[in-house]
Amino acid sequence: MTPSPLADLSAQTSELLSTIASLATLDELTEAEPRLTGKRSLLSTLQKSLGSLEPNARKDAGALLQEARREVQAAFEARRSTLAAAARAESLEADRLDLGDVVTNSVRWPVRAGHPGLVASTQRELEDVFVGMGFTVADGPEVESDWYNFEALNIPPAHPARGLWDTFYVDLGEPETVVLRTHTSPTQVHLMEEAVAKGSLPIHSVMPGRCFRRDTPDARHLATFHQIEGLVVDRGIAFADLAGVIETFTRAYFGPDIASRLRPAFFPFTEPSAEFEVTCTICRGEGCRTCSQTGWIELGGCGMLDPAVLSAVGIDGDEWSGFAFGFGIDRCAQMRHQIPDMRALIDNDTRFLEQFS
Amino acid sequence: MKIPLSWLREFVDLPETPDELRLILDDLGLVVEGIDVVGAGLEDVVVARVDEIRSIEGADRVRLVTVDAGAGPVEIVCGATNFELGNHVPLAPIGAVLPGGFEIARRQMRGVTSNGMLCSARELGLSDDHLGLMILDQVTTPRVGEHLLDALHITPDVVLDISVEGNRPDAWCVQGVARDLATRLARPLREPMLATPVADVMTDSFAHAGIDDPELCGRLTVSVLRNLTVRPSPSWIAQRLQSAGMRPISNVVDASNYVMLELGQPTHPYDAANVAGHALRVRRARAGETLETLDGVVRELAKAGRGLGDTGVDCVIVDGDDQLLGLAGIMGGSSSEISATTTDVLLEAAFFDPMTIARSSKRHGLRSEASNRFERGVDPELALRAVARFVNLLQESVPELQWLANPLDHWGGVPTPPTVELRAGDIERGLGIELDYGDVVANLEGLGFHVDVRESSLFVRAPSSRLDIREGAAGRADVIEEIARIHGYRRLPRRTPTWPEPGGLTDRQRLRRLVRDVVVDLGVVEAWTPTLGSDADFDLLSPGVERVRITNPLASDESVMRATLLTGLVRAWGRNVERGTGDVVLGEMGAVFTHPNVTEEPRETKGGESGALTLRLPRENERLTLLLGRLDDDATTAVGLWSVLSERLGLADVVVRASEQPSPGLHPTRSARLVDRQSGATLGELGEVDAELVGALVPSAVGRRLGVVDIDLDALADSSRATRRSDFVSVPSRYPSAVIDLAFVVSSTVHAADLGEALRHATPLVESISLFDVYRDASLPANSRSLAYNVRLVSLEHTLKDDEVSAAREQLITLAASLGATLR
């Protein structure tokens with residue numbers, strides 16, 4: 001019987017393992033790779049010699065050899081990651097800089113103008129108009145529960161009106177209880193609840209913020225967008241006050257030759273509800289393609305707070321009444337700057353961003 | 001909803017032009033989204049008979065066709081080949097202007113003259129068929145010389161595309177729109193033609209009906225129509241449906257659609273021959289039942305849905321053997337469908353519970369014209385009037401049709417129309433103007449409301465069609481909206497309210513503005529990166545960490561809420577690098593999200609039906625992240641930027657402290673935390689971006705140093721964490737300062753800022769301390785460096801003498817020694 005080609009396998013494996021352990025740098029490791037695990041390595045050569053064995057013996061020997069190769073390969077990869085980590089640690093160490101030692105007076109800072117985001121600066125202008133009219137500004141979270149985003153706003157579960165908003169649901173809690181807010185209206189609910197709890201009515205506030213709708217982006221819409229809403233809850237507030245506030249805002253923001261008008265609409269959280277339109281800013285009311293020859297452009301929705309909303313937050317509708325309105329910040333920016341494709345806003349191309357000041 | 005103007009005019013006199021009507025409808029909240037003209041441009045087109053077809057020498061694509069349109073032979077060159085001698089085809093003679101403005105002129109070609117044009121259906125704007133000429137013999141019995149419009153029974157018409165709001169189910173039909181117009185214009189509203197049942201045969205001798213679950217079905221009427229012949233509808237019905245956007249199918253189906261469009265009542269005809277026991281019952285579907293709907297899909301019924309509160313209630317129609325016939329109000333099954341051989345029909349006209357239909361249709365992803373109407377609410381009183389209209393229409397094509405007497409009429413639970421009290425002053429309180437009671441009453445009555453005037457109150461009962469009108473205070477708002485709508489929103493007054501409370505921004509909002517202004521002044525370009533990202537990007541920084549996930553993302557790489565702004569900014573910067581515009585500082589201010597199981601500060605709030613659940617929401621943290629990507633940027637420029645920002649924010653004592661464990665994504669040995677020394681709070685981090693992150697996101701920029709400043713705005717806005725400088729200031733001494741420079745060899749473990757702060761308090765004479773040089777060299781002891789400070793000494797009382805300066809110098813050196821620093 002000829003001696004098995006694998007007679008020394010165990011000793012050979014040990015030697016290979018100790019060679020691997022002795023590799024000190026990544027360069028050495030790369031250099032040794034063909035010898036240790038490559039096609040011309042010792043174990044590969046042994047593999048070829050198995051051909052001379054009988055089928056049964058070949059099978060057993062093959063299994064043994066396979067095990068040895070696995071072991072060597074694993075040791076090799078382990079060594080590689082150890083050495084890589086060491087190399088990274090070494091280069092990080094060489095790179096170390098105590099930022100507390102930076103002498104700020106000697107930092108060179110090139111002079112170049114920056115550019116605020118279009119949404120942020122539009123939002124600021126809108127806020128300033130409303131602050132001038134006596135409104136405060138309120139913020140709210142972007143992730144909301146169905147109560148704040150829908151139910152307290154008179155949109156019960158499975159109500160067909162929920163179909164008006166394509167909603168992103170967050171994978172938390174019971175199904176469809178946590179959402180990315182589809183409008184800034186939940187902030188109204190928070191404000192009203194808070195005012196009731198603190199006894200601090202009235203409310204005169206605008207609420208800007210980021211909203212989300214599950215809508216494939218196109219030239220006119222992004223799935224992420226920004227709204228600003230207004231909420232007034234006070235004594236003796238009527239539809240005439242809503243119409244007056246919309247008109248004052250329109251002239252203050254768009255200019256004295258731009259007017260507003262209201263037409264009936266439906267929103268679950270307001271009654272009576274209205275859509276508000278402003279004079280087309282392109283043709284100044286003459287009629288053009290942008291406004292479909294009507295001279296008017298739809299800007300947002302508004303209405304008197306629905307009694308169901310007041311009662312959901314515990315406000316006495318006999319004493320208090322109010323209105324709400326809302327519209328798109330991005331849409332205002334789009335109108336003012338004539339942006340043909342809203343997707344430019346999220347491309348972050350500095351050639352686009354550097355146009356805003 | 002598309003409504004032909006001719007249809008509206010059957011209900012109310014409307015001499016107005018379409019554009020005038022558009023203004024009125026818009027002002028009623030019935031917004032006109034489009035106006036189409038049917039049959040426009042076809043006035044000059046006539047019917048011509050093909051008498052001769054000849055080839056033209058030298059032309060293989062066109063032939064010379066001789067036609068007769070009643071005035072003798074006309075020669076026309078024609079490229080179509082789908083016709084033969086004797087066919088009748090449309091001829092546009094010389095001078096005709098086709099839809100789209102194409103004017104027909106005499107033309108010479110290949111030595112022959114073409115005296116007009118033979119047209120395809122598409123050229124006439126009648127359909128998309130462009131395979132050849134429109135062969136009129138296939139659709140009508142044409143006569144030579146007749147106007148095409150007459151031959152096809154087309155009356156030129158205007159079609160208004162009207163958008164009806166979700167709270168106006170009553171207006172989602174021709175009569176409903178007509179009612180609003182009639183009321184606004186103070187004109188009478190006409191009723192449609194209705195049939196009457198035959199008196200001697202009773203319905204219950206033939207058919208049976210019942211409601212098992214009255215809360216799902218408020219009313220079920222079943223009528224029997226006998227002696228039916230299924231055939232095409234008269235052309236005027238077919239044309240109406242086509243103009244309204246529905247395809248004519250057969251007289252029975254068309255009658256059903258016509259009634260739905262005209263009056264708003266969906267009806268469902270069954271072939272009585274295929275309904276066991278001629279019986280229709282309504283019941284709740286049982287778990288395990290399946291139904292194959294007309295669209296060929298097999299649907300599992302009574303299975304709870306994913307939506308909140310959806311317990312899986314389906315309402316079904318069954319026959320006398322309790323076999324399923326259809327999903328009530330949504331879609332029928334195929335077994336009892338009307339076919340060409342149907343002679344007896346069971347006609348269902350019902351009221352189904354809107355919420356049940358809404359949930360069922362959402363759950364099965366099945367919407368139909370019927371379900372859309374039922375889920376908004378069909379007038380429960382309408383059913384039999386709609387059937388009378390149905391029969392009247394069907395009798396146009398089947399005069400011998402019999403409608404059996406006493407249709408079956410079962411009632412379950414239907415909403416009771418509320419009565420709303422408008423007290424004196426309610427209208428003024430709601431609208432800001434008092435309206436004339438006489439006008440108000442007339443307008444409400446025009447809309448079908450019943451109004452009682454008692455003392456100074458109006459008691460207003462809603463018509464059964466107005467399921468949107470609620471009880472109590474909400475109902476008052478509903479009725480006031482109707483009053484305002486008919487009166488006209490534009491005629492209402494405007495007044496600008498004022499109030500004593502001042503407007504303004506919160507401290508947080510002012511801080512945000514200040515931060516943004518400062519960084520923009522420093523050259524930052526503000527970016528807007530996605531809130532929703534991929535698992536892979538999340539794993540780059542936080543492998544294995546629980547994340548906030550979207551259940552129904554638009555794309556799988558937009559399914560995870562961001563936990564950092566850094567990844568998005570590096571990506572955005574990378575795209576600018578590719579465009580050659582990467583020499584820039586990008587910044588973003590926005591929220592990042594942490595899963596409630598991971599954060600110590602989850603947000604608890606109420607949710608679920610009626611807010612009964614307590615939900616744990618993600619922590620939302622507002623951050624400002626700046627990515628310094630200019631060619632010379634690195635950790636030191638990040639420190640430079642921060643020093644300016646910190647100064648402008650008026651922070652009292654925030655130090656840049658090297659951190660051994662910087663956040664993932666930051667360079668492990670070139671990053672630091674921004675620590676408020678008084679509160680101990682971390683306000684943010686700065687340094688460089690980890691080269692591994694740059695390599696993963698922007699492979700082309702490997703090896704490029706990117707500075708980063710990442711600030712926690714929640715911490716910055718919190719004065720207990722971010723200590724502000726005192727409002728009190730000091731006035732500089734009027735005596736000259738003595739300036740000395742001191743360089744110390746200091747262990748690397750001692751922070752330069754800490755040594756500086758200690759030196760500041762070494763003697764009361766110290767006016768200011770500033771670090772001006774850091775020196776490392778092999779000649780210094782291991783793990784140490786030289787820190788050189790510029791120290792200004794001053795007295796408020798007198799000019800410092802040399803010995804005072806020397807003494808102070810000694811004090812400074814002694815104090816430094818106590819921290820292990822030796823004078824160099």
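Before the tour starts, one term: helices (H or I, at least four residues) and strands (E, at least two) are DSSP runs, counted from the N terminus. With that in hand, select B:H278, which sits in the loop between β13 (267-271) and β14 (279-284) of chain B. What you're looking at is a predicted model.

**Stop 1**

For background, most residues other than glycine have a negative phi, and most peptide bonds are trans. Is B:H278 buried or exposed? It's buried, because 20 other C-beta atoms lie within 10 Å and 20 or more is the cut-off.

Now jump to B:D322, in the loop between β17 (315-318) and β18 (324-327) of chain B. Here too phi is positive, about 65 degrees, in a residue that is not a glycine. B:D322 has 12 other C-beta atoms within 10 Å, so it counts as exposed, the limit being 12 or fewer.

**Stop 1: chain B as a whole**

Zoom out and select chain B. Along the principal axes, its C-alpha atoms fill a box of roughly 130 × 85 × 60 Å.

How much of chain B is buried? Of its 824 residues, 44% count as such. Look at contacts with a separation of 6 or more in chain B, and 71% of them come from residues 24 or more positions apart. As for confidence, the mean pLDDT of chain B is 93, with 100% of its residues at 70 or more. The model scores ipTM 0.89 and pTM 0.87.

**Stop 2: where the chains touch**

Show both chains. On the contact count, 93 residues of chain A meet 115 residues of chain B. Which element gives the most to chain A's side? Select helix α8 (residues 239-254) of chain A: it supplies 8 residues. Colour chain A's side by residue type and it splits into 50 nonpolar, 19 polar and 24 charged.

**Stop 3**

**Stop 4: a strand with two partners**

Select β5 (residues 224-234) of chain A, a mostly covered strand with 10 of its 11 residues buried. It runs antiparallel to β4(A), joined by 10 bridges; for one pair to click on, take A:G209 and its bridge partner A:Q227 in β5(A). Strand β9 (residues 321-328) of chain A is also antiparallel to β5(A), with 8 bridges between them. There, pick A:I228 and find A:F327 of β9(A) opposite.

**Stop 5: two cis peptides in chain A**

Next, pick A:L201 and A:P202: the peptide bond joining them is cis, with omega about 5 degrees. A:P202 is in the loop between α7 (185-198) and β4 (203-212) of chain A. Finish at A:E271 and A:P272, also joined by a cis peptide bond, with omega about -10 degrees. A:P272 lies in strand β7 (residues 270-279) of chain A.

Key
Residues are numbered from 1 along each chain as its sequence is written. Chains are lettered from A and ligands numbered from 1 in the order in which they are written. This is a predicted model: local features need pLDDT of at least 70, side-chain atom pairs count only at pLDDT 80 or more; totals for chains, interfaces and linings use all residues. pLDDT is the predictor's confidence in each residue, from 0 to 100. Two strands pair if DSSP finds at least two bridges between them. Two residues are in contact if their C-beta atoms, placed from the backbone, lie within 7 Å. Ala, Val, Leu, Ile, Met, Phe, Trp, Tyr, Cys and Pro count as nonpolar, Asp, Glu, Lys and Arg as charged, and the others, Gly among them, as polar.
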